[in-house]
Amino acid sequence: RSVNIVAFGNERDDGFSEDNQQPSLIWSYLGRSALISQIDSSLSASHVGNPVFTEYQACVFGNVRLVVHDCPVWDIFDSDWYTSRSLIGGADIIVIKYSVNDKTSFQELKDSYVPMIKKALNHCSVPVIISAIGARKNGVPCTCPLCTSDRRSCVTTSEGVQLAKELGATYLELHTLNDFYIQKYFGGVLEYFMIQSLNQKSSEKMKKRKKMQKCHRVQPPQLEQPEKMPILKGEASHYDTDLHNLLCCCQCADVAFYPEDLSTVVEAHKIILCSVSHLFMLLFEVKSPADIPDASIVRMAQSLFAVEAGAAFPPAPRGIPPCVPPVRVVVKDSVFCSCLPDILHFIYSGAFQWERLEEDIKKKLKDPEKTEHVLEKVKCILKTPGKLNTVKDCRSHQIKRLYNTSLRLFFNTPVLADVIFKIQGATVPAHRAVLVARCEVMAAMFNGNYLEANSILVPVYGVSKDTFLSFLEYLYTDSCCPASILQAMSLLICAEMYQVMRLQHICELYIITQLQSMPSRELASTSLSIVSLLKKAKFHNSDCLSTWLLHFIATNYLIFSQKPEFQDLSVEERNFVEMHRWPSNLYLKQLADYRNYVHSQKCHCTVM
């Protein structure tokens with residue numbers, strides 16, 4: 001092992017003879033470093049009366065050969081470009097040194113020789129150390145890059161740093177060649193690069209040795225990557241669209257808004273209105289005035305609406321069971337009542353398109369004062385008690401998430417409930433409007449010629465109470481979080497029964513994610529039957545999940561082929577798994593042959 005260092009430049013100040021008697025930087029380091037031993041030196045052929053370079057040979061770090069070529073004159077680049085280029089090409093570390101009091105030599109180095117060094121170093125990653133040596137003769141050594149006091153006579157720090165940047169070098173200032181600057185400062189940096197060079201050479205030597213061994217040995221078989229698993233595409237949420245369509249079709253409407261002259265009617269749903277507004281909660285007696293600390297909401301409810309009942313009103317809207325009378329509300333403000341359809345569309349669309357509501361009301365009223373009057377009332381309706389309500393609040397309002405959070409308040413509670421499911425001996429209250437909006441099967445059940453259309457109590461069969469509650473929670477909140485793979489499969493079956501495809505996709509994705517995260521050891525020891533999941537997925541028309549599970553079994557063939565459930569696969573499924581199995585039969589045969597070869601050679605296989 002060896003390290004080659006090439007040093008260029010003269011660190012002595014020729015103007016002072018006493019400096020000329022001092023040893024060079026390289027010789028000082030070799031003589032003082034505790035890591036250096038067995039130093040030997042020789043001079044090369046002379047050039048214009050001076051030696052071109054001095055070669056030092058020594059030992060460093062005990063048994064590492066150190067070769068140093070010290071070239072004090074830059075003329076070697078002019079007179080013998082081949083030699084200089086050979087020195088740089090064989091160097092592991094390059095040291096460039098100059099005297100801070102010799103501005104002329106520094107300028108010559110910068111203008112003439114640095115471009116040559118950069119050219120010789122092209123495509124090489126050799127570390128370079130630039131050493132500025134000596135104390136500046138105008139007084140205290142300058143260390144400020146912005147100082148210009150000694151710019152004419154001495155080489156400034158900023159000039160040295162700039163030179164180092166051009167070469168991508170490490171810049172050092174050595175004010176004197178004493179033990180601190182030689183051993184601790186310069187020596188520390190030089191020894192760091194020596195260690196880096198040795199590490200790099202060892203790494204390259206190891207790679208070369210491995211490559212040679214690889215060429216002369218029979219190589220083990222290459223295990224191919226398993227086939228890519230099918231990608232399951234999710235389905236975008238249509239939560240707001242479902243609720244908006246509920247308003248358009250007026251199914252299960254249980255609120256009718258009338259003007260004072262009873263000339264028109266606008267139908268709506270209490271559960272949706274109460275999920276958005278505390279004012280409607282007060283109006284429909286979900287909350288009492290004592291529950292609402294904001295008096296302005298109470299006053300607005302009393303001044304804007306009046307809940308009435310009686311036979312003098314038009315017939316009740318369709319879709320309400322005969323046992324549940326509609327709530328009839330008179331709108332006292334005629335201007336507000338004329339805009340009520342637009343306001344309801346705004347609420348049912350998610351209550352976050354404030355700018356569109358403004359535009360619709362402006363077009364309808366064509367009166368700025370009336371428009372502002374109606375919008376202020378809408379703000380009061382949407383107001384959260386105890387919080388300010390400004391236009392800015394409405395535009396960046398958090399009402400966009402009100403359905404997901406506020407409808408959750410009415411999930412599995414008897415408040416405003418108009419249907420009760422009976423399941424496994426227990427009862428679960430619900431709201432027809434939400435069910436009809438979110439589930440087409442329930443929409444047909446509650447609006448067709450079925451017994452459930454006019455019944456309050458509806459029995460549910462084929463699913464557990466917990467699964468059905470999770471299903472209803474999704475309908476109310478547009479989200480679900482199964483606790484396990486088995487629960488997700490039960491919820492998937494329920495979603496398929498009621499034809500809620502997005503929930504089915506969510507359950508499929510949950511099952512896939514959980515199985516993918518299982519380590520092989522857990523997969524081998526689990527009591528969960530993947531084949532049973534596959535059978536259920538096929539039976540309940542979950543094609544994406546069943547295809548993915550077949551690929552999953554094939555990819556983990558060595559695990560599942562040892563399980564008893566593997567025998568339950570059909571002939572078609574078994575053929576698919578055998579065709580796509582990983583690792584393949586060919587690889588296992590090649591592996592067996594390689595093991596036999598290793599055993600016959602009586603050598604230890606390091607890769608198996």
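Modeller: Let's start with disulfides: this is a predicted model, and the structure holds 0 of them. Take Cys-439, which is in no disulfide. The nearest cysteine sulfur belongs to Cys-494, and that is 8.7 Å away, whereas a disulfide would need the two sulfur atoms within 2.5 Å. Cys-439 is also buried, with a relative accessible area of 1%. Cys-59 has a relative accessible area of 18%, so Cys-59 counts as buried too, given that the cut-off is under 20%.

Now on to helix 28, which runs over residues 585–601 and has 17 residues. From its first C-alpha to its last it reaches 25 Å, close to the 24 Å expected at 1.5 Å a residue. Its buried residues are Tyr-587, Leu-591, Tyr-594 and Val-598. These cover an arc of only 65 degrees around the axis, so they sit on the same side of helix 28. Turn to the other side of helix 28 and you'll find Leu-586, Lys-589, Asn-596 and His-599, which are exposed.

Last, have a look at a pair that packs together: helix 14 (residues 354–365) and helix 15 (residues 368–381). Their axes are 9 Å apart, at an angle of about 140 degrees, and the crossing of helix 14 and helix 15 is right-handed. On the helix 14 side, the contact is made by Trp-354, Leu-357, Glu-358, Ile-361, Lys-362 and Leu-365. Helix 15 brings Lys-370, Thr-371, Val-374, Leu-375, Val-378 and Lys-379 to that contact.

How values were computed
Residues numbered from 1 in each chain as written. Predicted model: local features only at pLDDT ≥ 70, side-chain atom pairs only at ≥ 80, totals over all residues. Heavy atoms only, no water. Buried < 20%, exposed > 50% of the residue type's maximum accessible area, 1.4 Å probe, protein only. Helix = DSSP H or I, 4+ residues; strand = E, 2+ residues; numbered from the N terminus. Expected span 1.5 Å × (residues − 1). Arc of directions from axis to C-beta. Axes fitted to C-alpha atoms, helices over the stretch in contact; angles between N-to-C directions. Left-handed = near helix turned anticlockwise from the far one by under 90°. Contact = heavy atoms within 4.5 Å.
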